Amino acid sequence: MDDFFVWETRYETGVELIDRQHKKLVSIINDLYSGLHSKYKDKSEAFAKAAKDAVDYVRTHFHDEEEWMFETSYPEIESQKEWHRKFIEVLLKKTKEFDEGRTYSAFEFLKFLKEWLISHIAIEDKKFRFHIQGESRDKN
Ligand SMILES: [Fe+2]
């Protein structure tokens with residue numbers, strides 16, 4: 001089966017730790033997706049648990065990213081932090097819906113996660129590259 005989410009080199013930010021975590025997020029989403037066709041079948045609880053683990057990883061990622069932004073005096077740190085906070089709120093709301101047994105579509109959830117990740121990586125975090133390049137230019 002083809003991957004649901006295919007990593008592309010254009011997603012690279014140039015910050016090793018962050019790129020590694022983004023790739024890990026992509027593989028978490030792919031695992032959840034392939035699980036939909038096998039291990040999570042008729043087991044929404046298992047999916048809900050896996051989705052929660054995915055959200056935990058997103059939180060860890062945001063935490064590390066914010067630390068990196070702080071250390072490198074990233075100019076857009078405040079708006080980025082706010083964006084992270086809002087996104088976590090949305091994710092928690094969605095996972096709460098799973099817990100409460102409300103009807104949900106695991107596929108819709110994954111589509112949402114994938115679309116968000118693409119815009120996070122390809123638009124927001126892509127600015128990191130310019131930030132680092134700007135820094136190295138200053139040093140030269
Ligand atoms: Fe990121």
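pLDDT is the predictor's confidence in each residue, on a scale from 0 to 100. I start there since this is a predicted model: local features need pLDDT of at least 70, side-chain atom pairs count only at pLDDT 80 or more, and totals for chains, interfaces and linings use all residues. Residues are numbered from 1 along each chain, as its sequence is written.

Confidence, then. The protein has a mean pLDDT of 86, and 89% of its residues reach 70 or more. Where is confidence lowest, and where is it highest? The lowest is helix 5, residues 126–139, with a mean of 76. The highest is helix 1, at 91.

Now the layout. There are 5 helices and 0 strands. Both are DSSP runs, numbered from the N terminus: helices are H or I with at least four residues, strands are E with at least two. From the N terminus the elements read α-α-α-α-α.

By contact I mean two residues whose C-beta atoms, placed from the backbone, lie within 7 Å.

First pair: helix 1 and helix 2. Their axes are 11 Å apart, at an angle of about 170°. Axes here are lines fitted to C-alpha atoms, for helices over the stretch in contact, and angles run from 0 to 180 degrees between N-to-C directions. Helix 1 and helix 2 are therefore roughly antiparallel. The cut-offs: under 35 degrees is roughly parallel, over 145 roughly antiparallel, 65 to 115 roughly perpendicular, and the rest oblique. On the helix 1 side, the residues include Leu17, Ile18, Leu25 and Ile28. On the helix 2 side, look for Ala50, Tyr57, His61 and Trp68, among others. By class, this contact has 11 nonpolar, 3 polar and 3 charged residues. Nonpolar covers Ala, Val, Leu, Ile, Met, Phe, Trp, Tyr, Cys and Pro; charged covers Asp, Glu, Lys and Arg; the others, Gly among them, are polar.

Helix 2 brings residues including Val55, Phe62, Glu66 and Phe70; helix 3 brings His84, Ile88, Leu91 and Phe98, among others. The classes here are 12 nonpolar, 4 polar and 5 charged.

Let me pick out some residues of that second pair. His84 lies in helix 3. Buried or exposed? His84 has 19 C-beta neighbours inside 10 Å, so it counts as partly exposed. The scale: 20 or more other C-beta atoms within 10 Å of a residue's own is buried, 12 or fewer is exposed, in between is partly exposed, with C-beta atoms placed from the backbone. Not counting residues up to four places away in sequence, His84 touches Phe62 and Glu66. On the same exclusion, Leu91 touches Val55 and Val58. Glu45 sits in helix 2. With 11 C-beta neighbours inside 10 Å, Glu45 counts as exposed. Its C-alpha is 7.9 Å from that of Phe98, 53 residues away in sequence.

Next, the loop between helix 2 and helix 3. Ser73 is in that loop. Its phi is near 50°, a positive value in a residue other than glycine. Ser73 counts as exposed, with 9 C-beta neighbours inside 10 Å. Tyr74 is in the loop too. Tyr74 is partly exposed, with 17 other C-beta atoms within 10 Å. Neighbours within four places aside, Tyr74 is in contact with Met69 and His131.

What about the inside? Of the 140 residues, 16% count as buried. Which residues make up the largest nonpolar core? It has 12: Leu25, Val26, Leu32, Tyr33, Phe47, Ala51, Ala54, Val58, Leu91, Phe109, Leu110 and Leu113. A nonpolar core is a set of buried Ala, Val, Leu, Ile, Met, Phe, Trp, Tyr and Cys residues joined through C-beta atoms within 7 Å. Helix 1 (16–36), helix 2 and helix 4 (106–124) each supply at least two residues of this core.

Last stop: Leu36, in helix 1. With 17 C-beta neighbours inside 10 Å, Leu36 counts as partly exposed. Leaving aside neighbours within four places in sequence, Leu36 contacts Ala106 and Phe107. Leu36 and Ala106 are 70 residues apart in sequence, yet 7.7 Å apart in space, C-alpha to C-alpha.
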